[in-house]
Amino acid sequence: VEQAREQVGDKVVPHATQGKAEIRVGLGSCCVVKGSDALFGALRHTAAKYDVPVNVRGVGCVGMCHRTPLVEVVMPDREPVLYEQVTAGEAESIVHRHFKPRGMQRLRIATRRMLDFVLDGEATPPQRMLHVRDAPVAAFLGSQQHIATEHFGTLEPGDIDVYLACDGFKALETARAMSPEQLLDVIAASGLRGRGGAGFPTVNKWRIVREAKADRKYIICNGDEGDPGAFMDRMLLESFPYRVLEGMAIAAHATGATYGVLYIRHEYPLAVQRVREAISTCEARGLLGDELRFTIFEGAGAFVCGEETALIASVEGQRGMPRRRPPYPAERGLHEKPTLVNNVETLSLVPWIVREGAEAFASLGTAESKGTKVFALAGKVKRGGLIEVPMGVTIRRIVKEIGGGVAEGRQFKAVQIGGPSGGCIPAHLADTPIDYQALQSIGAIMGSGGLVVLDDTDCMVDLARYFLRFTQDQSCGKCTFCRVGTRRMLDILDRICAGDGRPSDLQTLDELAAQVKQGSLCGLGGTAPNPVLTTLRYF
């Protein structure tokens, strides 16, 4: 790793320094859908056409999904300038505004601007310019703290040299200089908990795998993100593929695993492509060592495969159905061998913890929920996007300050947090801090990090029915309570929505929910009633 970094030297600098200006364009799949790939091509073509001294770079997710396609112009010793919702046709005017072409091209552009002014009364078309200090931008970014999304908006996802220049794989070097026991102590001291659901202490899984006796051990990155409204794992895989691989390599060193599987949904083609390229590059550079090998397994879109035993069954070529635990995968998992299963965000936090220290991570968040959490902020909110905030931040602060609140004339009603397994939290509980215990006490869970904002135009019964229909459809059918119980609950909600509800339906829903939670084998069935229960409780 150190040899690779020495080869990079000072050739790659991720920021506009040494007199080199940059234009950055987000190329995450959210941005691409809105035309950023065409914009990126137009900017590069314009810079080359006019021989402009600027480096046009395609970077990962910029987080500000509500303003994409977003262009950032970074000049040496100047404040960055942002342009929102830019089209490919506006590429030339942005380049000409900030950079002076060379030779005759400069004269031609000056002449064109003069003609535009004479004919149309303006020299250049108006641009939607922003500054990082503008109130909406500052509000969105100001409360965030980037750890899993470190260097967001500046890294080119596939450029290993840029990642190395930003201290990439430095944490892996540090980890491999430690004994596995010392590394486990670091993770324990950080207080890191799994970011994929209930928040199980990360070090506990790692220790079980480490202490297991076997001729082969596995590590699986769970990228089977299926919650409606959630896109955290997709963004991390697309924007920070090397970081995820570095986190997996550190975990492999701590546990003794020699074979890694990245389980990524087939619906995430850009993530699959970038991770596959990152694996190939790391292997070619020898960054992962001689013993550790990675492969990608594409999931078929079954929500239940987010549960680790169902995921393992899927990798083995079986139908994705959960099995009874114990034994847990850490004891007997893939191919009956000890298997560590962590989700994407958990693994993305590991390099920062090892590099910056457990104490730095533990100083963030609350007593029981350390560090930061990445959320997909969506729904009836002005500023939606990908955010990373310290644990303990209140729901109100996320919705009002970062998200800008709901539309004018509307009232903030609730948030749905944790996806189909989560719950609906009403506005009067918006001062609840975001941590595992606090959310559980009001009937919700953190989940993977979907956070959907609702206003007074949303019907809570319709919302409960939507999420219940999703989980009922995604049930593998193995458990009677999950298969039949959720169907019966959905029938009642359908009847209520049709105007044929009876007062006794509310008690029946409550009773069925309790039975489904108690009688289901895995987390899908055990949490499926949560949206209904919180809706009954608060609305």
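**Note on loops, backbone features and salt bridges**

1. Start with Arg 469. This residue is partly exposed, at 39% relative accessible area. The scale runs as follows: buried is under 20% relative accessible area, exposed is over 50%, and partly exposed is in between (1.4 Å probe, protein chains only). This is a predicted model, in which local features need pLDDT of at least 70, side-chain atom pairs count only at pLDDT 80 or more, and totals for chains, interfaces and linings use all residues. Residues are numbered from 1 along each chain as its sequence is written, and side-chain values use heavy atoms, with hydrogens and water left out.

2. What does Arg 469 pair with in a salt bridge? Its partner is Asp 494, at 3.4 Å from N to O. A salt bridge here is a side-chain nitrogen of Lys or Arg within 4 Å of a carboxyl oxygen of Asp or Glu. Arg 469 lies in helix H19 (residues 460-474) and Asp 494 in helix H20 (residues 480-497), so the pair ties together parts 25 residues apart in sequence. Helices are DSSP runs (H or I, at least four residues), as are strands (E, at least two), numbered from the N terminus. Asp 494 is partly exposed too, with a relative accessible area of 25%.

3. The pair is part of a network. Shared partners join Asp 462, Arg 465, Arg 469, Arg 487, Asp 491 and Asp 494 through salt bridges. Across the whole structure, the search finds 33 salt bridges. Side chains of opposite charge can pair when their charged atoms come close.

4. Arg 207 forms a salt bridge with Asp 185, at 3.2 Å from N to O. Arg 207 sits in H10 (residues 202-211) and Asp 185 in helix H9 (residues 180-190), so this contact ties together parts 22 residues apart in sequence. Arg 207 is partly exposed at 29%. Asp 185 is partly exposed at 44%.

5. Lys 205 meets Glu 308 in a salt bridge, at 3.2 Å from N to O. Lys 205 is in helix H10 and Glu 308 in helix H14, so the pair ties together parts 103 residues apart in sequence. Is Glu 308 buried or exposed? Glu 308 is buried, with a relative accessible area of 13%.

6. Two cis peptide bonds deserve a look. The bond from Thr 68 to Pro 69 is cis, with omega near -5 degrees. Pro 69 is in the loop between strand S2 (54-59) and strand S3 (71-74). The bond from Arg 325 to Pro 326 is also cis, with omega near 0 degrees. Pro 326 is in the loop between helix H14 (308-315) and strand S9 (339-343).

7. Check positive phi values as well. Asp 51 is a residue other than glycine, yet its phi is near 55 degrees. Asp 51 is in the loop between helix H3 (36-49) and S2, and is partly exposed at 42% relative accessibility. Phe 169, again not a glycine, has phi near 65 degrees. Phe 169 lies in the loop between helix H7 (160-165) and helix H8 (170-176). At 0% relative accessibility, Phe 169 is buried.

8. Last, Gly 357. Where does Gly 357 lie? Gly 357 is in the loop between helix H15 (344-356) and helix H16 (358-362). Gly 357 is buried, at 17% relative accessible area. The C-alpha atoms of Gly 357 and Tyr 83 are separated by 36 Å, and the two residues are 274 residues apart along the chain.
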